[in-house]
Amino acid sequence: MSVHDELAHARHALDDFARSAGRLRICLGNGPDVRRVRADIDRLREDLDLLRQSTAAGGTVPGPAQSEVVPIPRTPYDASMWVGCDDEGIGSPHGPEARR
């Protein structure tokens, strides 16, 4: 599916949800929970409109980020890197067991 089709599908689903929320308001009244749902629906409608406008203006919707593989050396770290740091003893060869 294209981005345009996905946005149209999302808008249709949101319209269905808004109709259901309207029927719930008739059954449950206009309490704070129902008003919050209505406000969320309005906010989502605005967000979908913004997405539609940005894609129509030629903006690109970012895809999944490509993660860069960072190799971690198997050699021990240089001990001078830890000079002046507090040692809490968690998983460290210099923990409380070694201090006794």
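Reader: Hi! Which residues in H1 meet which residues in H2?
Author: On the H1 side they are Val3, Leu7, Ala10, Arg11, Leu14, Asp15, Phe17, Ala18, Ala21, Gly22, Arg25 and Leu28. Their partners in H2 are Val34, Val37, Arg38, Ile41, Leu44, Arg45, Leu48, Asp49, Leu51, Arg52 and Thr55. Contact here means heavy atoms within 4.5 Å.

Reader: Thanks! What kind of model is this, and how are residues numbered?
Author: It is a predicted model, where local features need pLDDT of at least 70 and side-chain atom pairs count only at pLDDT 80 or more, while totals for chains, interfaces and linings use all residues. Residues are numbered from 1 along each chain as its sequence is written, and side-chain values use heavy atoms, with hydrogens and water left out.

Reader: Great. How many helices and strands does the protein have?
Author: There are 3 helices and 0 strands, and from the N terminus on the elements run α-α-α. Both kinds of element are DSSP runs numbered from the N terminus: helices are H or I with at least four residues, strands are E with at least two.

Reader: Back to H1 and H2, then. At what angle do they pack?
Author: The angle is about 165°, and the two axes are 10 Å apart. That makes H1 roughly antiparallel to H2. Axes are lines fitted to C-alpha atoms, for helices over the stretch in contact, and angles run from 0 to 180 degrees between N-to-C directions. Angles over 145 degrees count as roughly antiparallel, under 35 as roughly parallel, 65 to 115 as roughly perpendicular and the rest as oblique.

Reader: And is their crossing left-handed or right-handed?
Author: H1 and H2 cross in a left-handed way. The word applies if the near helix is turned anticlockwise from the far one by less than a right angle; clockwise would be right-handed.

Reader: Let's zoom in on Leu48. Which residues does Leu48 touch?
Author: Leu48, which lies in helix H2, touches Leu7, Ala10, Arg11 and Leu14, leaving aside residues up to four places away in sequence.

Reader: Does Leu48 count as buried or exposed?
Author: Leu48 counts as buried, at 17% relative accessibility. Buried means under 20% relative accessible area, exposed over 50%, and partly exposed in between, using a 1.4 Å probe and protein chains only. Of the 100 residues of the protein, 10% count as buried.

Reader: New topic: charges! How many salt bridges does the count come to?
Author: The count comes to 8 salt bridges, each being a side-chain nitrogen of Lys or Arg within 4 Å of a carboxyl oxygen of Asp or Glu. In general, side chains of opposite charge can pair when their charged atoms come close.

Reader: Which residue does Arg19 pair with?
Author: Arg19 bridges to Asp16, with the closest N and O atoms 2.2 Å apart. Both lie in helix H1, 3 residues apart, about one turn of the helix.

Reader: And where does the Arg45 and Asp42 pair lie?
Author: Arg45 and Asp42 both lie in helix H2, 3 residues apart, about one turn of the helix. Salt bridges that share partners join Arg11, Asp15, Asp42, Arg45, Asp49 and Arg52 into one network. For the Arg45 and Asp42 bridge, the closest N and O atoms are 3.9 Å apart.

Reader: Last one: how many disulfides does the structure hold?
Author: The structure holds 0 disulfides, a disulfide being a pair of cysteine sulfur atoms within 2.5 Å. Cys27 is exposed, with a relative accessible area of 67%, while Cys85 counts as partly exposed at 46%.
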